[in-house]
Amino acid sequence: MRYIDEFRDGELARAIAAQIGRELRADRRYHFMEFCGGHTHAISRYGITDLLPPAIRLIHGPGCPVCVLPIGRVDLAIELALEHKVWLATYGDCLRVPASEGLSLLKAKARGAKIAMIYSAADALELARRHPGEQVVFFAIGFETTTPPTALVIRQAAAEGLTNFSVVCNHVLTPSAITSILESPEVRSLGTVPLDGFIGPAHVSTVIGSAPYEHFAREYAKPVVIAGFEPLDVMQAILMLVRQVNDGRAEVENEFTRAVTRDGNGKAQALVSEVFELRRSFEWRGLGDVPYSALAIRESYAAFDAERKFALETRKVADNKACECGAILRGVKHPRDCRIFGTVCTPENPIGSCMVSSEGACAAHYSYGRFREIAVKAAA
Amino acid sequence: MCLAVPVKVVEIGEGDAATVDLGGVRKQISLALVEDVAVGDYVILHVGYALTKLDPAEAERTLALFAEAGVLP
Amino acid sequence: MTAMDDSRGKAGKSGYVRPLDFKHGRVDMTHGGGGRAMKQLIEQLFATAFDNEHLAAGNDMARVRLPPGRVVIATDSHVITPLFFPGGDIGCLSVHGTVNDVAMAGAVPVYLAAAFILEEGFALAELKRIVESMARAAREANVAIVTGDTKVVERGKGDGVFITTTGVGVVDERIDIGGARARPGDAILLSGHIGDHGMTIMSTRESLAFGADLRSDTAALHGLVAAMLEPVRAAMLADPARGIHALRDPTRGGLATLLNEIAGQGGVGMLIDEASIPVRPQVEAACEFLGLDPLYVANEGKLVAFVAAEDAAAVLAAMRAHPLGADAAMIGTVTDDPHHFVQMATRFGGRRVVDWLTGEQLPRIC
């Protein structure tokens, strides 16, 4: 596969790893937060940690839209399906998220809710066209990558004059998440989470461009390297970060130049501004209320806002007391620090959000990393 | 987050519709979020929409950068 | 004179019974009612297609003789949608699935029983296609479908048709092939490309439309198993530590699930090599599109063998010499691991664990 296979070459990986090893300063460690869930997945799936020198420590950040989705919001989706009896269109990622009363969208489906798993926002719109007599609600999640398609279908629905289509908008913003990490006491004042730089998200950046990260580099003096999705991209980005740290620089660099420009996709950005506006505040699971971090549907498209249409109220639902997802999402704790990790909380029975999505730090560690901590010997 | 793949545009249809190819598998997608896409171009595909064009020259440059590792002192 | 009464009358003369309309007819509730309509369906469709003395006898059971050996029995239900897909259909799938389960004991499958749950309104034309496909698959596999059952459920209560097949076969008493027998040091042999069936099914589903020449790999594997046993049978009979220890086919949950199952059963670990696992480019690409991992995608015509190290080369050669094993490869070894981890050396050079599948593998945006 073009532009994929070349970026997964094992030999080049080893060469880059060796180069990283050569450029490391002997007297320090390097802590980089990889923000994007896709990067978490790539690191786990390709075993990148095995290739990196131990002085490099990768911390998983809150870049997983499923992981940061509050239980209360999933409850809204379930309420719409079970009580208002709408067709609830959702991406596959959300189906198993455990919500209140032991329910999930999948369990609601077993109780008779009309849950439609879709691959694309366009499918949700098509569902509405095919069932003109029934209400269809699209439960939209995602960072800036996934937001433009939602904006498109809302605009299309308006153009077609559909009266049976609406959206629950849970779209969140990357820069806000990064700010909340950088503002957290553990990073800012206490220094309990040493953070030397960020591996910036790949596909979010194709939409928003590299410009928005310049703020972090300036304000917080942390280097950011936007990295492509493939394992070689990640390794190259780490090399670039090491160099910045060694040089004492704090700049925004772009490793993913084949798809990311400084300004990003203007057309998509304009579309998003036309349909959405900033919410003053939004709850992020594990991070609490974060100001100006999420989007709501504008008044001009109010007819397509399911929260208005169905008079929905989001309840705050607390996480299980033993759940450490919040600390893990902020990079303060590691999955193994959580009391219930691997025992009560497993991918089969996820208690917290970090275990639900395969991008979540806990799920990734459980599936891919756990074994490293247990000695294994092969038979003679 | 954001599972997205680089795919090749093999056919441009009506409106914003296009057909792309990845490793011999074809799919119908939408070009509504991008402009000036021609057959033969590569785009980054996410949830059925092209998000941006892939720049082949930059891709080559990046690969060359990877190859530098091991050559440097 | 009534035309329909064939239960009495002059010697040798029976009344006219209109044949089933396989072109435009549909299943209705009488076809499961136990009366004439059902008898007609059985005679004109099932018994005609499956064509053997047992069905012709018209009993609700079949009295059969089995060759000498240990009896192996297996059953599978098939609820697949869509019913017809590139490379096969629910009919041949239901034959292959159960034949393969029996074959995984090293046994030769001999008889099948087939139960049908039909949905009211299901087109007889489609049913005929399915039944004929089953008949063909059974003939090619050299098994006879000797008994069965038919029920009809109301419209809306079934996906067209559900098929349950039960298979019976025999294996030499002295041969012991089973998951618990995998041993550290065993070679892990895979018979060919993974992911074909699952991705073919995905590609025919509505909102994930691909145009690709993917085909299901559904096939009966007992011939391949027999070919694999041939070079090592004598050694196995003399010494149970030799030859093939375990066999399984990676159906639902894919190769990864199979490996984890056997690791648990055998109380062992595994180390496999990603680069050695054959995956077709279209399957790789289709998985990329959806964020799926080929290791967890279903197969219907592949098997994995756990073979004593000293016999691995011979068994692998036998696989490759058989049409269903032409792309067979050794993909790893069984290890001694109290935690039963299945580890994989990635193409990239790192290592990861290949864990159990959680629920169903769903296409994702993240």
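Axes are lines fitted to C-alpha atoms, for helices over the stretch in contact, and angles run from 0 to 180 degrees between N-to-C directions.

## Basis of the model

This is a predicted model, in which local features need pLDDT of at least 70 and side-chain atom pairs count only at pLDDT 80 or more, while totals for chains, interfaces and linings use all residues. Residues are numbered from 1 along each chain as its sequence is written, and chains are lettered from A and ligands numbered from 1 in the order in which they are written.

## Chain A as a whole

Chain A contains 17 helices and 13 strands. Helices (H or I, at least four residues) and strands (E, at least two) are DSSP runs, numbered from the N terminus. The radius of gyration of chain A is 21 Å, close to the 21 Å that the globule rule gives for 380 residues, so chain A is as compact as a globular protein of that length. This radius is taken over C-alpha atoms, and the globule rule is 2.2 Å times the number of residues to the power 0.38.

The C-alpha trace of chain A spans about 65 × 50 × 45 Å along its principal axes. Of its 380 residues, 58% count as buried. A residue is buried if 20 or more other C-beta atoms lie within 10 Å of its own, exposed if 12 or fewer, and partly exposed in between, with C-beta atoms placed from the backbone. Among contacts in chain A with a separation of 6 or more, 76% join residues 24 or more positions apart.

## Domains of chain A

The domain assignment divides chain A into domain 1 (5-63 + 189-254), domain 2 (71-173 + 264-309) and domain 3 (325-373). Such bounds come from an automatic or database domain assignment. The C-alpha centres of domain 1 and domain 2 of chain A lie 32 Å apart.

Eight residues of domain 1 of chain A are in contact with eleven residues of domain 2 of chain A. On the domain 1 side, helix α10 (residues 203-208) of chain A gives the most, with six residues. By class, that side has four nonpolar, four polar and no charged residues. Ala, Val, Leu, Ile, Met, Phe, Trp, Tyr, Cys and Pro count as nonpolar, Asp, Glu, Lys and Arg as charged, and the others, Gly among them, as polar.

## The five-stranded sheet

An open sheet of five strands in chain A has the order β2-β1-β7-β8-β9, with parallel pairing. β2 (56-63) and β9 (252-254) of chain A stand at the edges, each with a single partner strand, so one side of each is left without a neighbour in the sheet. Neighbouring strands of this sheet are turned by 25° against each other on average, direction ignored. Two strands pair if DSSP finds at least two bridges between them.

Strand β1 (residues 30-36) of chain A pairs with β2(A) in the parallel sense over six bridges. The bridge partner of A:Met33 in β2(A) is A:Ile59. Helix α12 (residues 231-247) of chain A packs on the sheet and touches β1, β2, β7 (197-200), β8 (224-226) and β9 of chain A. The direction of α12(A) makes about 155° with that of β7(A).

Five bridges join strand β3 (residues 87-91) of chain A to β4(A), where A:Leu88 stands opposite A:Ile115.

## Where chain A touches chain B

The contact takes 41 residues from chain A and 34 residues from chain B. On the chain A side, α1 (10-23) gives the most, with five residues. By class, this side has 24 nonpolar, twelve polar and five charged residues.

Notes:
Contact = placed C-beta atoms within 7 Å.
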